Amino acid sequence: MDVRSEKPHAMDFSSEKIAMTEDSTVHTVQDGDSDRDLEPIDPGMEKRILRKCDLRVLPVLAVLYLFAFIDRINIGNARIQGLEKDLSMSGHDFNIALQVFFIPYILFEVPSNICMRKVRPSTWISGIMIGWGIITVCQGVTQSFAGLVICRTLLGVFEAGFYPGCIYLITMYYKRHELQTRYNLFFTMGVLSGSFSGLLAYALAKMAGIGGYSGWRWIFIIEGLATIVLAAIAKFFIADWPEQAKFLTPEERAIVVRRTREDMAGAKVDRLDSKARRRIFLDWKIWCGTVAYIGSAETGYSTAFFTPTILKQLGWTSVKAQLFSIPPYAMAAVVAVTVGFLSDRLRHRYTFSIIGICINTIGYSLLLAQTHVSVAVRYMAIYLIIVGGFIYQPLILIWLQNNLGGHYKRGVGAAMQVGLGNLGGIVASNIYVADQAPTYPTGFGTSIAFQWLTALALTAFLVGLMRENKKREEGGRDYRYNLTKAEQENLGDDHPRFRFVY
């Protein structure tokens with residue numbers, strides 16, 4: 001629940017005024033001489049602004065995410081079209097090519113979000129997209145395994161800032177219990193990329209022989225070129241920060257800033273000084289959310305990288321495996337959007353996450369016992385794994401963001417969670433080894449273990465939030481009112497008035 005206590009000595013966030021400068025940038029100023037509250041926001045205007053944001057913020061980012069995820073996972077489709085044979089790869093070479101992506105991806109996420117705070121998101125996001133589009137094309141023309149490893153490493157550098165940057169940007173436009181539904185709509189494009197990637201790879205593989213290139217090369221080349229063109233166009237459509245949004249009027253910008261700040265009880269972290277850095281990097285919530293995300297990332301990448309291979313080993317041709325990878329992702333998209341809507345309406349995250357983990361576990365258990373079940377049951381297991389994983393992965397991300405207050409803290413928190421959480425991607429890259437095909441006992445067993453690591457982390461997160469809310473209700477954090485006014489204004493979710501949601 002989201003309850004805020006009223007302390008007579010509390011900092012008066014409601015006296016904050018919204019001021020407009022000549023360049024139409026929104027600024028907030030404190031009016032210490034006035035006790036009057038701002039006028040209530042007109043509900044009709046608020047709905048119109050939300051519709052504007054829904055039409056201008058989400059669709060562009062969702063389409064870009066579709067292409068981003070395709071460029072990240074298309075190596076799984078290229079594999080069954082002859083990638084390993086043409087580059088003379090053997091043993092664990094494919095796993096190495098997957099793993100090297102994650103090292104720079106993890107290292108560059110926090111710096112990227114800090115940079116994006118200082119640069120317009122439209123410039124930053126489109127720029128890094130053009131970079132990874134070029135690298136994707138290079139994957140299609142490389143002539144050696146070493147060249148592929150270099151390309152995958154550089155792909156991790158450029159893609160590092162995209163996903164956490166999108167989360168960061170989206171959360172600045174919406175209240176906490178408006179966010180899950182909208183984020184899941186964005187996230188669904190990543191889900192659909194799993195099906196669309198298979199369909200697209202099936203079509204592009206038919207270009208084999210054109211220009212003397214194999215079909216897998218055309219998968220990389222065409223998809224990379226499409227990303228470059230899309231990114232150049234998107235520069236003019238990606239929304240910037242609410243304070244800079246050109247699609248909103250000055251009054252509308254002020255309302256967007258005000259309503260999100262009021263929803264967060266005025267929590268701000270607008271200065272990244274030494275005390276703010278300490279509060280951010282030592283915050284138990286961020287580390288707990290990161291551990292939870294490691295498990296969800298592990299299952300996400302396992303399905304993205306290895307579903308085509310697993311389906312092919314059911315005895316199907318490469319083409320049939322590509323096509324039959326589409327329906328599970330389509331179903332997962334529908335379920336993800338439905339769960340996001342219900343989670344916002346019920347204002348609850350935890351139970352939905354545990355349900356997703358249970359569904360996921362059933363799927364992996366069936367694949368562990370695959371020698372005793374039919375092909376149809378094994379195919380059903382793929383559905384359960386993908387659907388279950390895409391229930392709780394977006395919930396984990398938004399649940400943490402719901403409980404972080406302040407511009408910098410949200411940005412760094414998202415980057416830390418996604419960046420370090422992608423250690424799960426490194427795990428997924430190494431547990432499905434060729435000499436265990438087609439049963440992959442290590443892969444499926446490890447995946448189950450990581451799902452329940454996530455469940456434990458989420459349970460600890462829930463208990464911690466409940467205890468902290470209780471402590472604040474009882475005045476256990478009121479000593480922070482003795483801090484200077486400047487420190488109180490930069491406490492973020494550490495301010496005693498802030499309440500956590502679960």
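**Cysteines and a helix pair**

In this predicted model, the cysteine sulfur closest to that of cysteine 166 belongs to cysteine 53, and because the two sulfurs lie 16 Å apart, they are too far from each other for a bond. Cysteine 166 is also buried, its relative accessible area being 0%.

Cysteine 358 presents a second case. Its closest cysteine sulfur is that of cysteine 288, at 18 Å, which is likewise too far for a bond. Cysteine 358 is partly exposed, with a relative accessible area of 34%. For a disulfide to be counted, two cysteine sulfur atoms must lie within 2.5 Å. The structure as a whole holds zero disulfides.

Attention may now turn to the helices. Helix H12 spans residues 274-281 and helix H18 spans residues 407-421; the two pack with their axes 10 Å apart and at an angle of about 40 degrees. H12 is therefore oblique to H18. The crossing in which H12 passes H18 is right-handed.

Which residues in H12 and H18 meet? From H12, the residues are Arg279, Ile280 and Phe281, and from H18 they are Tyr408, Lys409, Val412 and Met416. Classified by residue type, this contact of H12 with H18 comprises five nonpolar residues and two charged residues, with no polar residues.

Key: Residues numbered from 1 in each chain as written. Predicted model: local features only at pLDDT ≥ 70, side-chain atom pairs only at ≥ 80, totals over all residues. Heavy atoms only, no water. Axes fitted to C-alpha atoms, helices over the stretch in contact; angles between N-to-C directions. Helix = DSSP H or I, 4+ residues; strand = E, 2+ residues; numbered from the N terminus. Parallel < 35°, antiparallel > 145°, perpendicular 65-115°, else oblique. Left-handed = near helix turned anticlockwise from the far one by under 90°. Contact = heavy atoms within 4.5 Å. Nonpolar A, V, L, I, M, F, W, Y, C, P; charged D, E, K, R; others polar. Buried < 20%, exposed > 50% of the residue type's maximum accessible area, 1.4 Å probe, protein only.
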